[in-house]
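Hello,

Here is the model I promised to pass on to you.

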Amino acid sequence: MSKRDFYDVLGVDRSADDKVLKGAYRKKAMQYHPDRNPGDAAAESNFKDINAAYEALKDPQKRAAYDRFGHAAFEQGGPGAGMGGDFGASMSDIFEDIFGDFMGAGGRRGRTASNRGADLRYNLEISLEDAFAGKTVDIDIPTSIACDKCAGSGANPGSSPTSCATCGGIGKVRAAQGFFTIERTCPTCQGRGEIISNPCDKCSGQGRVHEQRSLSVNIPAGIEDGTRIRLANEGEAGERGGPTGDLYIFVSLKPHDFFQRDGADIFCRVPISLTTAALGGQFDVPTVDGGKTRVKVPDGSQTGKQFRLRGKGMSVLRSKQRGDMYIQIAVETPSNLSKRQRELLQEFEKESSADNSPQSHGFFARMRDFFENLGGEAS
């Protein structure tokens, strides 16, 4: 049975450059990969042909031999014989080359990622006034920093780590299992790719030491409760020179004595006396910026009435604008009355009419009508 032309297998012209070859191989390999076509013998055969074609054409010497002699270049005695090497290893190289972007390209990148320091979390509670104005906060964090004695290498000064002989410094070893090549962490260096024969006596070869760090954190004006601030590279140092993790600061706001926040707006509930609500009056309230403002209450005000103070609310993040402040009044019923106060209220009650309490008068009038209708239906 004649073998298929490698260029036809990949679906490219004989003049295709490396970029076109790689793109064609990527598309074909994904289409016929055994994981996408379980139990499909035809797909598996196509997949093998695709890999064989790309293995031959991606190498300039092999491609030149194939262009001149065809498949005979790789048969016993042919000019390309002996160029193939270990098929399992070449397959692994192909997949690393083509799919490296998806799987963490290269052993060195994977090894560096495994040495990355941990991310840290810090819970920061601030006042509403600090959230309004913004501030710089100094915090202390227990963390790990690079060892100053060995400069993070993990080896005593005067010595240095050596490349692992088992994995050749890659941090991974390969083992062929049938058609596929299995890659696993190197058991000798535990994936580090290096061996330290003379570890640093300060950090015990870890390349980092535990320490309390002090940081200044900028809290922007208008920050909201639950905001997360990320400080890149302020987490734990990585082992043996690995990259540093990040620090995440979670901001929460302390409960305020007077104010409740809703986005950029502030709400304040103010109890007022019965006489102030009935006759009208005024009172002063504090504002979040440290000042105060006067609120005028018209006569006949009821519980729940709101007064809007424009521009007296919270700062808006990354803006010069401010929200509004809402004052809600609650009429307080007099208690602990003296004899004279009780007499005055009784006199007031005698002089009162429906016009003085229209809501309660109307409500009880409707209730009487309801009971009368209910009684008529029952009879």
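**Helix packing, sheets and a pocket**

The axes of helix 3 (residues 41-57) and helix 4 (residues 60-69) approach to within 6 Å and cross at roughly 105 degrees. That makes helix 3 roughly perpendicular to helix 4, a label for angles of 65 to 115 degrees. Helix 3 brings Glu55, Ala56 and Leu57 to the contact, and helix 4 brings Lys62, Arg63 and Tyr66; contact means heavy atoms within 4.5 Å. By type, these residues are three nonpolar, no polar and three charged.

Before going further, please note that this is a predicted model: local features need pLDDT of at least 70, side-chain atom pairs count only at pLDDT 80 or more, and totals for chains, interfaces and linings use all residues. Residues are numbered from 1 along each chain as its sequence is written, and side-chain values use heavy atoms, with hydrogens and water left out.

Helices (H or I, at least four residues) and strands (E, at least two) are DSSP runs numbered from the N terminus, and two strands pair if DSSP finds at least two bridges between them. Axes are lines fitted to C-alpha atoms, for helices over the stretch in contact, and angles run from 0 to 180 degrees between N-to-C directions.

Strand 8 pairs with strand 9 (residues 247-253) in the antiparallel sense over four bridges, and Arg230 has Tyr248 of strand 9 as its bridge partner.

Another open sheet has four strands in the order 10-11-15-14, again with mixed pairing. Its edge strands, strand 10 (259-262) and strand 14 (306-309), each pair on one side only. Strand 10 and strand 11 (residues 265-273) are antiparallel over four bridges, and Asp262 stands opposite Asp265 in strand 11.

Finally, the largest pocket holds about 1000 Å³ of space. A pocket here is an open set of points on a 1 Å grid over the protein atoms alone, where a 1.4 Å probe fits, with protein on both sides within 12 Å along at least five of seven lines; lining residues have an atom within 4 Å of a point. The lining has 29 residues, and Leu274, Ala278, Phe348, Asn356 and Ser357 are the closest to the pocket centre.

Best wishes

Methods. Grid points are joined across faces, edges and corners, and a volume is the space filled by probe spheres set on the points. Angles under 35 degrees count as roughly parallel, over 145 as roughly antiparallel, 65 to 115 as roughly perpendicular and the rest as oblique. Ala, Val, Leu, Ile, Met, Phe, Trp, Tyr, Cys and Pro count as nonpolar, Asp, Glu, Lys and Arg as charged, and the others, Gly among them, as polar.
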